[in-house]
Amino acid sequence: MKIIKKKSLGQNFLRDEGVLDKIISAGELSSKDNVLEIGPGEGALTSKLLEKVDKVVAVEKDSRLEDAGSVLQNVQTDNKNLKIYFEDILDVNFPKILKKNSFDKKGYKVIANIPYYITGKIIRLLFEQETKPELIVLLVQKEVAERICALKGRESILSLSVKYFAQPEIVDYVSREVFEPVPKVDSAILKIIPFKNGTRKAGLLERSDSGVKSPAFSELTNEQDFFKLVKVGFSSPRKVLINNLKNGLQLDRSSLEQIFKKLQLNPTIRAEKLTLHQWQSLAEEIF
Ligand code: SAM
């Protein structure tokens, strides 16, 4: 039984084997892996995941998909390697799901074609977890993927939040034509590789596996200070950064100017132009 797709739930189902294979391959999956999928829909990706990994836990908001015959048309829902929760990913007790499926102990990857309307919230949710994913591969709106990677040389709160914990990269672009119904936007496969220990700790910026190392930072930046600074810095993104900091942190202009000078930052620079490293140095100077 086919369901009528709900635009409000971002229901654009993938209909292209090649794209599904690219997502799977970006996940660097092995038979020992555990995967969390958000929004399995009719199960096109779920069935591919089940061929590769030990266990798939999926969270799907649309309970209509639970009805026999329509849910996950592509998979056997009584598959013992699959557990589906028909709940809203933003409302579920996430740590409980991880614990119940031993993902908290064994580790897990997140591989999903997510509902685009909550991309930022999903990413935030994943990084908020005590047990963070080992790897995240998401199909997202092309522009959002580019914004997260700051490809146009413009950082944002979202890009900095991701880069604080991980290394994001675009694996490939995906045409809107491979979805049903065809959405108004193109997509990209975004791979997010969390750093070891989930955060940038003094000089320990390796990937969670033996892959690429990130540039080392000399000092540990307090996470709360860093995010407080970024939030205040972007409070009026069109204004120069120094004004946002002066108003938001009640600091006097001359001490801020001195700090900017020390860090060789132009006093008229805007928040979007600072790199993650510069934000970290700024946090270390201010707090
Ligand atoms: N994975 C399928 C595919 O690739 O064809 C479907 C992807 S579709 C873009 C997004 C899926 O997320 C839909 O099945 C939708 O019902 C589900 N969804 C929407 N909002 C959700 C939420 N808040 N929590 C969990 N699932 C949600």
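Helices (H or I, at least four residues) and strands (E, at least two) are DSSP runs here, numbered from the N terminus. You are looking at a predicted model, in which local features need pLDDT of at least 70, side-chain atom pairs count only at pLDDT 80 or more, and totals for chains, interfaces and linings use all residues. Residues are numbered from 1 along each chain as its sequence is written, and side-chain values use heavy atoms, with hydrogens and water left out.

Start by selecting Q250, in the loop between helix 9 (241-249) and helix 10 (253-262). Its phi is near 50°, a positive value in a residue other than glycine. Buried means under 20% relative accessible area, exposed over 50%, and partly exposed in between (1.4 Å probe, protein chains only). Q250, at 66%, is exposed.

Next, go to E28, in the loop that links helix 1 (17-26) with strand 2 (34-38). Here too phi is positive in a residue other than glycine, near 45°. E28 is partly exposed, at 38% relative accessible area.

Now select E180 and P181 together. The peptide bond between them is cis, with omega near -10°. P181 sits in the loop between strand 8 (179-180) and strand 9 (187-194).
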